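Hi,

Here is the model I wanted to pass on to you. Could you have a look when you get a minute?

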Amino acid sequence: QDCIPIPCTFSPWSDWQQPTCEGLCTRSRVVQNVNNKCGEPCNGPLEATKRCAADCLSPRDCKMTEWSSWSACSDPGQANGQKYRERSIIHGPRNDGQPCLGALEDTMGCKQTLPQPCVFSEWEDWTACTASCGDGWTTRSRQIQSHAHRGGETCHGNMREMKKCKGTGAACEAGGAVDCL
């Protein structure tokens, strides 16, 4: 079988880096695609250097990033928590430049307004059947134990339920007498 050559290829060169105090700038690249057994291999450097003007004798002050955004309040479900932010040093001082001042990490307490959902009480027991003999009704009810606060979910559902029942009292056994109301 004939081999179809796939040559090795380099990635594009990176940008030139800032000069070192020795006055050298560097750039680099990597092997992007490796050749197959009949393809041409890569030939050339992975890093290049050149002379650059370097200013290593002038003072340079420390430079830090801006503070990150505050994190979310920790301890979900609790009324009190902590939140955090951070920053980092971009470059340190050099040649009597001003040092970095201040913290790299910061925290502060935070109060959370926790949503409180509506809560129903437990259902009460079913009432006695309205008929002592034959078809009747029984009911049960419940109350709102605590109302929703601070955006919590409101109560959904019935506060009272009713269903059919059959009275099977002594009147039924005595020959089917019917209650007069």
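Below are some notes on the disulfides and one loop serine.

This is a predicted model, so local features need pLDDT of at least 70 and side-chain atom pairs count only at pLDDT 80 or more, while totals for chains, interfaces and linings use all residues. Residues are numbered from 1 along each chain as its sequence is written, and side-chain values use heavy atoms, with hydrogens and water left out.

Taking a disulfide as a pair of cysteine sulfur atoms within 2.5 Å, the count comes to seven. One of them joins Cys3 and Cys38, with the sulfurs 1.9 Å apart; it is left-handed, at -80 degrees about the S-S bond. Cys3 sits in the segment before β1 and Cys38 in the loop between β3 (31–33) and β4 (47–51), so this pair ties together parts 35 residues apart in sequence. Strands here are DSSP runs of E, at least two residues, numbered from the N terminus.

Cys8 and Cys42 form another, with sulfur atoms 1.6 Å apart. Its torsion is about -85 degrees, so that one is left-handed. Cys8 is buried at 13% relative accessibility, whereas Cys42 is partly exposed at 25% (buried is under 20% relative accessible area, exposed over 50%, partly exposed in between; 1.4 Å probe, protein chains only).

The Cys129–Cys165 disulfide is right-handed, because its S-S torsion is about 90 degrees.

Finally, Ser11 lies in the loop between β1 (9–10) and β2 (24–28) and counts as buried at 16%. Leaving out residues up to four places away in sequence, Ser11 touches Arg29, Val30 and Gln32 (contact means heavy atoms within 4.5 Å).

Cheers

Conventions:
Helices (H or I, at least four residues) and strands (E, at least two) are DSSP runs, numbered from the N terminus.
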